[in-house]
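Dear colleague,

Please find below the structure I am handing over to you. My notes on what was found in it follow directly after.

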Amino acid sequence: MEKMSRVTTALGSNAISGRTMFCHLDAPANAISVCRDATQVVVAGRNIFKIYALEEEQFVEKLNLRVGRKPSLNFSCADVMWHQMEENLLATAATNGAVVTWNLGKPSRNKQDQLFTEHKRTVNKVCFHPTEVYMLLSGSQDGFMKCFDLRKKESVSTFSGQSESVRDVQFSMKDYFTFAASFENGNVQLWDIRRPDRYERMFTAHTGPVFCCDWHPDDRGWLATGGRDKMVKVWDMTTNRAKEIYCVQTIASVARVKWRPERKFHLATCSMMVDHNIYVWDIRRPFIPFATFEEHKDVTTGIVWRHQHDPHFLLSGSKDSTLYQHMFKDATRPVDKANPEGLCFGLLGDLAFAAKESLITSDANRKPYPGGDRRYPMFFFKKPDPTEQFAHVSSALSVFETDLDSHRMDWFVKTAQLYLLSGKPFAELCDHNAKVAQELKRPQVSTTWTMLRIMFSDPANLATPGPNHNLGKLGTLPLMNSFSLKELGSGMGAESRLERSKGESRQDNIHLEPGNSYISNNEENEETEGSEGHPEYMFGDAELDDDDLYSMEHDNQTEEQEYTLPQEAFQLRHEIVDNPSAPEHLQQDKADSPHVSGNEAEVTCLTPIESFSLISISQPLFSPHLPASFFCPIVREMLSYYAEQGDVQMAVSVLIVLGDRIRKEIDDLTQEHWYMSYIDLLQRFELWNVSNEVIKLSTCSAITCLNQTSTTLHINCSNCKRPMSNKGWICDRYEHCGTVSLRCMC
């Protein structure tokens, strides 16, 4: 061993000495217990049940209690207890529901003394009375606690917790008749052994199962509890109602808790999973352990102080099949490695910085706070306690405030309250959210919503035709505008684009079936030079509103009359007749002047054959409407951008509104992270309704279950205190009755 320090403690006529040491076990240990004189320790597990002598330099195996060729399940131990009044008496809790006592004074190899098989499920805990030799208490997974008189063959009392399984039972060190029991539903009950019909007191200690409890050896009113919620709580039981006086936040579920002898404010804990270390806490300083033992390589399953009056030696067993004796001087002190500097941002952008006083005072450029020094707020003052063994560190706190107007979060609250995430068609949701963002002066977000509507909406259903939409005679066929050779060759001139932007509307009624060259031959197939029309598709770099991309919104007739085309030199187009020929003067003009200037756009008259050929050329070689999946990679990058910028509100809102269109493109862990970040912000601003709506609309299982936790109702009869049946509102006491009542009949 590397740590060779040695300590000797005087306890009356006996002296305890030793060092940090360990030994390998044959199998993982579930529990350990030490005898009264601290010279031997018993180790119990599913496949091990041995007694070791604690010598100065090593552990020495003394006795193997697991005898026989095929040991029964009575030897498979979940817990073990060595009587502190009788040195030859042991008790074990078996996984098959048996409670077994062992007499080490028996001359035979089999030391089993008595066997109690009254429990129906695994026994989790056994506990001897601290002063009564023959009194043994057990707690089982079946929800019952039983008190045994070892002079009798069966239990003398049965205590029903009227709840779920019992995880721990402990007799009080000071009150002869009192014991505490912890349950998987988070409750702790106090019982008087003289009254097995009902508990004396019950309170909810943790938000999950309570795995362990321990009475303070000196203060009769203090009870420590540990649970799955990773907390160790100390309760004052001397008041009418249990009062939480200390709370320690650990990093894993608490499996064992033991008060340290001769140290009023110290207790040791170990975890049920994840964390392999043993921690000793000063409950007055709950944020950092007082000492840490890091020797075990797997989960620690049992801890016990070697002697009830010796605070320097701690014994532990683990699933790594080792038994350790830890000397307190060899423990790691986390405070020695603690970072004396701290940095934290406030909700509104304020920055708090804490550092050593020596570093702050040496900074000559540090400016004092206006109105006085605020480095030490009143609530940070702490009177020094000479009994504390912590290193004294003095830190100075600096707070840097930001301009409130520049970092206000009003937009976040208003956006969360005004956004619509469901209940309307997709296009309306996008329009509404874009309008909300625009009103809050967030143009980039508003534009993003608009682009999402354009990319993922069905163009045919984007807008319904209004009174100014001349779509009545177009049916469901796709629309295409006819244009001149001049437009095809040179594109649209600046003047023609300007004229169109002023509100010219042109009725294009050429119908083109997909895959069909047929052109309807009616009087509106050709445009006259004076006709007013507005193309459905713009070519070149002309700009359109997003609505014009998919809908044809024509101006009112009154507005159309305000704009008139200038008089042209050409006469109006003649009527089209069957098998017509082009007018001679137009053919002559066409031959003499094949190139038309930009100011003469769309005035060339074309024959039906020529129009047909031009329209055929103008057909796109691919679908004008891209599938929604085409935009998914872009939207995914956009959401990641917003999330990286800190705007998880936008990322989550888009994720909900788009739904299955984009959800499969983003992995579940990323979605869960966004959801949790947004929900945390909503709850900080107390936007509970919005937070609940986001949780309901989420498809992540880890998010939807947030509304389903802590909703179990345990209903008891108001008279007899028995649990109501899950078959109805019926007391179990009268469940055999033929009639069904909505109330207990007690």
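A crossing of two helices is called left-handed if the near helix is turned anticlockwise from the far one by less than a right angle, and right-handed if clockwise. That term is needed for one helix pair described below.

Please note that this is a predicted model. The protein has 746 residues, of which 44% are buried. It contains 16 helices and 33 strands. Of the contacts between residues at least 6 apart in sequence, 52% join residues at least 24 apart.

The helix pair in question consists of α4 (residues 443–456) and α11 (residues 632–644), whose axes come within 12 Å and cross at roughly 160°. Because angles over 145 degrees count as roughly antiparallel, α4 is roughly antiparallel to α11. The crossing of α4 past α11 is left-handed. On the α4 side, the contact is made by Gln 444, Val 445, Thr 448, Leu 452, Met 455 and Phe 456. On the α11 side, Cys 632, Val 635, Met 638, Tyr 641 and Tyr 642 take part. Nine of the residues in this contact are nonpolar, two are polar and none is charged.

Cys 632, named above as part of the contact, has a relative accessibility of 4% and therefore counts as buried, the limit being under 20%.

As to disulfides, a pair of cysteine sulfur atoms must lie within 2.5 Å to be counted. By this rule, the count is zero.

With kind regards

How values were computed: Residues numbered from 1 in each chain as written. Predicted model: local features only at pLDDT ≥ 70, side-chain atom pairs only at ≥ 80, totals over all residues. Heavy atoms only, no water. Buried < 20%, exposed > 50% of the residue type's maximum accessible area, 1.4 Å probe, protein only. Axes fitted to C-alpha atoms, helices over the stretch in contact; angles between N-to-C directions. Helix = DSSP H or I, 4+ residues; strand = E, 2+ residues; numbered from the N terminus. Parallel < 35°, antiparallel > 145°, perpendicular 65-115°, else oblique. Contact = heavy atoms within 4.5 Å. Nonpolar A, V, L, I, M, F, W, Y, C, P; charged D, E, K, R; others polar.
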